[in-house]
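Me: I'd like to learn how to read a structural model, feature by feature. Where do we begin?

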Amino acid sequence: MDVAVSVLVKLVIDMYVLDSETAGPLSLSLLEDMLNSPSLMSKTRAFDLIINLGVHAHLLEPPARDDSSIIEEQYSQEAYFDNGTQVSSHGNLKSNSLKKTGNSSAIDTFECWILGILFEVLLHLVQMEEKEEAVWASSLSCLLYFVCDRGKIRRSRLKGLDIRVIKVLMQISRRNSWAEVVHCKLICMMTNMFYQVPEGPDKVVSATPLFLVNQVDLIGGIDFIFGELVLSNSREERRNLYLVLFDYVSHKVNEACIAAGVSEYSDDEVRPIAVLLVLADAPEALHISVKLSVEGIVELLRRSISTALSTYPNNDRLLTLLEKIVEKFDTLIGSFTHVDKEFTQMIQITKLFKSSESIGEVPGNISTLNAKLSWTTLHSLLHSERKANRHNGYLWLGDLLIAEISEEGDLSLWSSIKNLEKKILLAGVNDYSASSDVPLPIWLMCGLLKSRNSHIRWGFLFVLERLLIQCKFLLDENEVQHVMRSQPSAHIHDKSRLEKANAVIDIMSCALSLMAQINETDRMNILKMCDILLSQLCLKVAHAPVMPFGDIMHIKDSSTSEKMTKGDGAEGLSLKENPSRGDFSGDPKTNFGKNIHTPIRDTASMAALLLHGHAIVPMQLVARVPAALFYWPLIQLAGAATDNIALGVSVGSKGRGNLPGGTSDIRATLLLLLIGKCTADPAAFKDVGGEEFFRELLDDTDARVAYYSSTFLLKRMMTEEPDSYQRMLHSLVSKAQQSNNEKLLENPYLQMRGLLQLSNE
């Protein structure tokens, strides 16, 4: 195969030199034949061939003359973008390189020719609905090779690329849990493709970027952007997606003005509102509104900037524009966060008939028939092959589950949540029974776990995550009402916060335990499970060099492994995130264009934050989580570090590789939490298998897992069997001296290995 690729490279270059117009279609046909092959290797080799063509472009350059000199090249204000998606110019860049001549121009022309072929090949992948992750990973590597320059993506190189290619890459990225940084770059690229940047004769940005609304239609509508906003992990992603949404809304407002025969709003009128909304942190607010289905947030943004707009000369027109933008935002958000209107009546029916007994009370009755139809429709949506149908089903089922808590008549909120927990446990371990008092929504939720389709089982986790968030909201609202009726002391307030956290943790533990009971094997679902577990247990902190106070586990990825302290509570810690990294269409006079490199703090992975000391875990919450939720995923994800190294290195697929937040970080965090639980609870230590379990981890392929296990075993031996430890340590020291091998005592892992070897002799 390598020889064939080498021959093809020379053949294509020879054809290009003879006749580039004829070589193009022939080369494209050759590459499409390779992609249509049933062989995975042939498909990935197609992109190896394209990269090789780019690498060998220098063959078109004649040998340099001896007197050729190296001079400074001044680059124009051409659009590069890195972390932020800035359309504004970056200024003149200078670097030492060869002066551009006719020779380099020939190379540039050849690279543009290859790029055109690559874009056609990528579109062919979209049209043939390619599913293989390895093929898309190869295509992304090839694309980045051609569009990147000095580590930055050149916007001009993306011209001609169909936006549907980036959309599919983003979908593949989500489906296979590619690394955060990869997905963030894909969103950055897609955002730029929504804009056409006018350029002057010297390649200088000469006007405001033009929003290409037709690109929205190509990706399947604005719902795709909302879906990405819900799943976004970083402020940068949310900012970029918000800016597309804002420009889309502005376009729709102007479209309505033209249809009504009134003057549309200019860029100068839209710009002040855009800047003020970004200053008001609209991207984060919109993310919360869409993800949690919280109404009224956009209206709060309007109120927060109305006063500032009133100071402008044309404030009446600006305030009118702001109202139209808010109204359009509310309409779009409502269409995404609420079930389609065609199901409105059915939702009300399912809220009235929540059990099989209530449905079967009057056989043949029209209300009974409507109830059966409604519940059948919900079941069909939840198990549909279409993502849009499942999304409607998740929203519908989530509303019914929240109604089980908030509309339980005489029961208090706390009793309703406890009752929900018991019924989830009952439905999870038993088959459906019409005589049971478990409501139908809970049966449907637990029924998702019994599907053979991993995507359907993932729906269980999606619904659970929304349920936990809504439970927090209801508990907070209940506390506010209680405070309004009385003035509790600080001690009661702290106790209330702990009780609220315990209630949510109990529901989570009950539901996630069902995942372990069915022995879930899909890695994506296990990673999602770990994400929910850690997000509910962990608290982000602004700085954590020293433990302030509290019954907290503070994990840091170092030789000290973990620190534990005892105290009164962890409620006083502040939670902060990093400032924005830049603004796509913001005013260049603002600070939005500044680039802040904080890779660990900017990650959404709680595992990475914990290991680097940027988050804490209250031990009171860890105590309520079954040990199985720590050791079961720890074992299930054991092969991720060495499974398909190529995909792990290229895109961090499925938590592979050694990127922040990857499977290695997750397993290390789970083990440290398990060690903390076993240290505090002897029963948990027995449940996992005692010392034998941790000794087996000494052979783990992940060095950190082996190291943390050895440290725990060594500390346990020191405290539980101090005399035996001292004797064996003395023997180990003697052995090290006799063999002149200091490495036997170099670290806890080697010490533990040596002690175990001595005990077996």
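Reply: Begin with the elements. Helices (H or I, at least four residues) and strands (E, at least two) are DSSP runs, numbered from the N terminus. Ser415 sits in helix α19. Residues are numbered from 1 along each chain as its sequence is written. The model is predicted, so to speak of local features takes pLDDT of at least 70, side-chain atom pairs count only at pLDDT 80 or more, totals for chains, interfaces and linings use all residues, and side-chain values use heavy atoms, with hydrogens and water left out.

Me: How many helices and strands does the chain have?

Reply: The chain has 33 helices and 11 strands.

Me: How do I judge the length of a helix?

Reply: Compare its reach with an expected span, which is 1.5 Å times one less than its number of residues. Helix α19 (residues 413-429) has 17 residues. From first C-alpha to last it reaches 25 Å, close to the 24 Å expected. Helix α18 (residues 387-406) has 20 residues and reaches 28 Å, close to the 28 Å expected.

Me: Which residues of α19 are buried?

Reply: Here is the general idea. An α-helix has 3.6 residues a turn, so residues three or four places apart point the same way. Now the case. In α19 the buried residues are Leu413, Ser416, Ile417, Leu420, Glu421, Lys423, Ile424 and Ala427.

Me: How many residues of α18 are buried?

Reply: In α18, 14 of the 20 residues are buried, and the helix is mostly covered. For the chain of 761 residues, 50% count as buried.

Me: How do I read contacts?

Reply: A contact means heavy atoms within 4.5 Å. Among contacts in the chain with a separation of 6 or more, 71% join residues 24 or more positions apart. Take Gln751, in helix α33 (residues 748-760). Gln751 is buried because its relative accessible area is 16%. Leaving out residues up to four places away in sequence, Gln751 touches Leu714, Tyr725, Leu732, Leu744 and Leu745.

Me: What about empty space inside?

Reply: Rolling a probe the size of a water molecule over the atoms shows where empty space is left. On a 1 Å grid over the protein atoms alone, a cavity is a set of points where a 1.4 Å probe fits but cannot get out; lining residues have an atom within 4 Å of a point. Grid points are joined across faces, edges and corners, and a volume is the space filled by probe spheres set on the points. The structure holds 6 cavities of 30 Å³ or more.

Me: Which residues line the largest cavity?

Reply: Tyr242, Leu277, Ala282, Leu286, Val298, Leu301, Val326 and Phe329 line it. Two or more lining residues come from each of α12 (282-292), α13 (297-309) and α14 (315-337).

Me: And disulfides?

Reply: A disulfide is a pair of cysteine sulfur atoms within 2.5 Å. The count here is 0. Cys530 is buried, at 1% relative accessible area. Cys678 is buried too, at 2%.

Conventions. Buried < 20%, exposed > 50% of the residue type's maximum accessible area, 1.4 Å probe, protein only. 1 Å grid on protein atoms, 1.4 Å probe; cavity = no way out; pocket = protein on both sides within 12 Å on 5 of 7 lines; lining within 4 Å.
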